[in-house]
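Here's a quick briefing to read alongside the model. Take a look at the chain first, then work through the topics below.

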Amino acid sequence: MIINQWYVAEEDAQIGATPRRVRMLGLDFALFRDAAGQVHCLSDVCVHKGASLGAGRTVGNCVECPYHGWRFGGDGAVNYIPSLGPEAKIPTRARVDSYPVEIRYGWVWVFLGDLPEAERPPLPDFPEYDDPANWRTIRGEWEWKANYARIVENGLDFAHAPFVHPSFGDRDNATIHDFEIAADEWSAKAKVTYIPPLPRGIWKLVRKERTPVEASPGFHLSGATMRLDVWLTQTWRMVIFDVNTPIDEHNTITRWIMARSFFRRKMWDGDSARRTLKIFAQDTRIVEEICPEIVPTDLREELSVKSDGLMNAFRLKRRELIERGWAIDVKRLREEVDGTRAMVIPSPARAEAQGRNFVLKTVPLVPARSLPPLAEAAE
């Protein structure tokens, strides 16, 4: 699991008058909406006696700890301690880490890290979401007992479609022809062509023959985002856009949006949702049994072929983040946090203060440049 990245913490519509406790990267956070309607994300652990802020209540622009009533503002600082009285000076260390929040595509995106704003990665683009005149969208969630990186790779792996998703691919026409990968600092995508099975049901209205279908899978490191574009015809297009938030090393929640440029009436939403959830169910049966569960950082530990190029691009991008020293040392985290110590993801305010005036310690990280030399992917 990696810090200094954006992750989707919750649906924006789920954040109301009551604070909400969410778990990401093996730690707990408190989301709350202040009196002005702005959503904030704080470390969940009260620095006084360890109570959960997410179990408290919202009072004006603050979240109130349910144990002793300490009130924390959106910046994480305490502005009222009832036992000291309204005129008392608040201790400088009476604060928790507060994390940057963006609301986009109906999701609450939280930056879990201490980078200054100018150095943070961008959020992925999803223009179809903001074009309701031409696109119909539906949304949902899916939980996995699997590591988030394996789930992202699964979405980038088009070679599995004929064998796991019979409605998408044909196992007798499973060849993935050469493709090029277009990449930038934070993302990559490719375009492939595949032969679909014979159309059935309403899909006969879309394709009357087994004509080749173009698809473009891709990823963005922010949100551990996977995007799949499918051109069913020259004008009928479908997009599956999903973000994959690690609850911890072994559990992931995927929040997805499916957009379609055809059958845009609400009456078709049920069929679209059933088909999307069926794909997730088919993938779950495979992904939850993959060994090892954690994606290797050395490409030699699994045999790759040319059709794995986009997955390898994701591995290399992710490895770059690990080499920057942004990966959580999960083993040490378990040893230190398991009932013994509360820890937090470092926040931008903590970096600005150079760690001064904060009570809780930050999570242990894998030392930068500690990985063995990189092996090349197999041809």
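Asp298 is buried: its relative accessible area is 8%, and the cut-off for calling a residue buried is under 20%. Keep in mind that this is a predicted model. Asp298 belongs to the loop between H3 and H4.

**The annotated stretch**
- UniProt, in an unreviewed entry, lists residues 6-110 as "domain: Rieske".
- The end C-alpha atoms of residues 6-110 lie 5 Å apart.
- As for secondary structure, that span is 43% strand and 0% helix.

**Aromatic rings**
- How many aromatic pairs are there? The count comes to 18 aromatic pairs.
- Take Phe219 and Phe314: their ring centres are 5.3 Å apart and their planes sit at 75°, so this pair is edge-to-face.
- This pair ties together distant parts of the chain, with Phe219 in strand S16 (residues 213-220) and Phe314 in helix H4 (residues 309-323), 95 residues apart.
- Are Phe219 and Phe314 buried or exposed? Both of them are buried.
- There's also an aromatic cluster, formed by Tyr105, Trp107, Trp109, Phe126, Tyr129 and Phe241.

**Charges over rings**
- Lys191 has its charged end over the ring of Trp231, 4.3 Å from the ring's centre.
- Arg120 lies over the face of Phe111, and here the distance to the ring centre is 5.3 Å.

**Empty space inside**
- Rolling a probe the size of a water molecule over the atoms is how you find where empty space is left.
- In this model, the count comes to 7 cavities of 30 Å³ or more.
- The largest cavity holds about 300 Å³ of space.
- Which residues lie nearest the centre of the largest cavity? They are Asn154, Gly155, Met226, Ile279 and Asp283, out of 20 residues that line it.
- Helix H1 (148-156), strand S17 (225-231), strand S18 (237-248) and helix H3 (269-287) are the elements that each give two or more residues to the lining of the largest cavity.
- Sorted by type, the lining of the largest cavity has 11 nonpolar, 6 polar and 3 charged residues.

How values were computed
Residues are numbered from 1 along each chain as its sequence is written. This is a predicted model: local features need pLDDT of at least 70, side-chain atom pairs count only at pLDDT 80 or more; totals for chains, interfaces and linings use all residues. Side-chain values use heavy atoms; hydrogens and water are left out. UniProt positions are given in the numbering used here, feature names are shortened, and annotations may be inferred rather than shown by experiment. Helices (H or I, at least four residues) and strands (E, at least two) are DSSP runs, numbered from the N terminus. Rings of Phe, Tyr and Trp (its six-membered ring) pair if their centres lie within 6.5 Å; planes under 30 degrees apart count as stacked, over 60 as edge-to-face and the rest as tilted. Buried means under 20% relative accessible area, exposed over 50%, partly exposed in between (1.4 Å probe, protein chains only). A charge sits over a ring if NZ of Lys or CZ of Arg is within 6 Å of the ring centre and within 35 degrees of the ring normal. On a 1 Å grid over the protein atoms alone, a cavity is a set of points where a 1.4 Å probe fits but cannot get out, and a pocket is an open set with protein on both sides within 12 Å along at least five of seven lines; lining residues have an atom within 4 Å of a point. Grid points are joined across faces, edges and corners, and a volume is the space filled by probe spheres set on the points. Ala, Val, Leu, Ile, Met, Phe, Trp, Tyr, Cys and Pro count as nonpolar, Asp, Glu, Lys and Arg as charged, and the others, Gly among them, as polar.
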